[in-house]
Amino acid sequence: MESMIEFVHRRIEKNNYNIAVDFTMGNGYDTLFLSGLANKVYSFDIQKQALINTKERLKDVNNVELILDSHEHVDKYVDSIDVGIFNFGYLPNGDHSITTKADSSLEAIKKGIELLNPGCILYLVVYVGHDEGKRESVIIDEYVSKLDFKLFNVGMFKMINKELAPYVIMIEKRK
Ligand SMILES: C[S@@+](CC[C@H](N)C(=O)[O-])C[C@H]1O[C@@H](n2cnc3c(N)ncnc32)[C@H](O)[C@@H]1O
């Protein structure tokens, strides 16, 4: 079976977009992927190292704005969103104590939903294999499962026979 992020990319690559947001830049793989499909990509991280790593990966790309700020401030930089990726957790090969946190993640998801254009989707890759990730997953699941079905389609892609496997949540704003 494909990985969770491969599943997300495969769905996203079916379309082109005006504005894309990578809410968790990390090493820039998702940002680079989005840059090939969108007119403009805004990419957020709180770690300078993420921006350094991503800048290196994006050498030949000029439609990306790398932003050293926490993702719940997305509305300071972006007016509307056509596709967004949250790939929660910590920087692989980085400091594992610097990870996304439940409260700011939830705030960023709420802002992302507000900015999302009708017919467009936010993709959340959620990791439950570490303590903060578990806490984050409970809070996120509770919030998204209560979104009004008349306004949003909310779906999940999950391995149901592996307790601590990461999973994907998709939030589509209905037209
Ligand atoms: C799993 S990595 C993301 C992987 C990345 N999308 C890629 O393609 O390499 C998670 C990233 O989220 C970042 N992060 C943690 N808290 C954040 C916050 N409040 N706002 C934005 N990024 C944050 C971490 O620094 C880390 O780089």
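Predicted model: local features only at pLDDT ≥ 70, side-chain atom pairs only at ≥ 80, totals over all residues.

Reader: Which residues of helix α3 are buried?

Author: A residue is called buried if 20 or more other C-beta atoms lie within 10 Å of its own, and exposed if 12 or fewer do. In α3, which spans residues 48-57, the buried residues are Ala50, Asn53 and Thr54. These three cover an arc of only 95° around the axis, and therefore they sit on the same side of α3. The other side of α3 carries exposed residues, namely Lys48, Ile52 and Glu56.

Reader: Why do residues three or four places apart in an α-helix point the same way?

Author: An α-helix has 3.6 residues a turn, so positions with that spacing point the same way. You can follow this in α1, where Met4, Val8 and Ile12 are the buried residues. Seen down the axis of α1, these buried residues fall within an arc of 70°, so they line one face of the helix. Glu6 and Arg10 are exposed, and they lie on the face of α1 turned away from its buried side.

Reader: What do the buried residues of α1 pack against?

Author: They pack against four strands, β4, β5, β6 and β7. One of these, β4, is mostly covered, since 7 of its 7 residues are buried.

Reader: How should I read the way in which β4 pairs with other strands, parallel or antiparallel?

Author: Look at the sense of each pairing and then at the bridges that make it up. β4 pairs with β1 in the parallel sense over 3 bridges, and Asp22 has Ile85 of β4 as its bridge partner. β4 also pairs with β5 in the parallel sense, here over 6 bridges, and the partner of Ile81 in β5 is Leu116.

Reader: In which sense does β7 pair with β5 and with β6?

Author: β7 pairs with β5 in the antiparallel sense over 6 bridges, and its pairing with β6 is antiparallel as well, over 7 bridges.

Reader: Which residues have the most contacts inside the largest nonpolar core?

Author: The general idea is that, in soluble globular proteins, nonpolar side chains tend to be buried together. Here the largest nonpolar core has 39 residues, and those with the most contacts inside it are Ile81, Tyr123, Leu124 and Val125. Among the elements that give two or more residues to this core are α1, β1, β4, α4 and β7, while the largest share, 8 residues, comes from β5. If we set aside residues up to four places away in sequence, Val125 touches Met4, Ile5, Val8, Phe86, Asn87, Phe88, Pro166 and Val168.

Reader: Is Phe157 buried, exposed or partly exposed, and what does it touch?

Author: Phe157 lies in strand β6 and counts as partly exposed, with 17 C-beta neighbours inside 10 Å. Beyond four places in sequence, Phe157 touches Met4, Phe7, Tyr167 and Val168. Phe157 and Tyr167 are 10 residues apart along the chain, and their C-alpha atoms are separated by 5.9 Å.

Reader: What is the phi value of Asn93, and where is this residue found?

Author: Phi of Asn93 is near 65°, which is a positive value in a residue other than glycine. Asn93 is found in the loop between β4 and α4, and it is exposed, with 10 other C-beta atoms within 10 Å.

Reader: Lastly, which residues come nearest to the ligand?

Author: There are 22 residues around the ligand, and Thr24, Gly26, Asn27, Tyr29 and Leu91 come nearest. By class, this shell has 8 nonpolar, 12 polar and 2 charged residues. α2 and β2 each supply at least two residues of the shell.

Note on methods. Residues numbered from 1 in each chain as written. Near = placed C-beta within 6 Å. Nonpolar A, V, L, I, M, F, W, Y, C, P; charged D, E, K, R; others polar. Core = buried A, V, L, I, M, F, W, Y, C linked by C-beta atoms within 7 Å. Contact = placed C-beta atoms within 7 Å. Arc of directions from axis to C-beta. Pairing = 2+ DSSP bridges.
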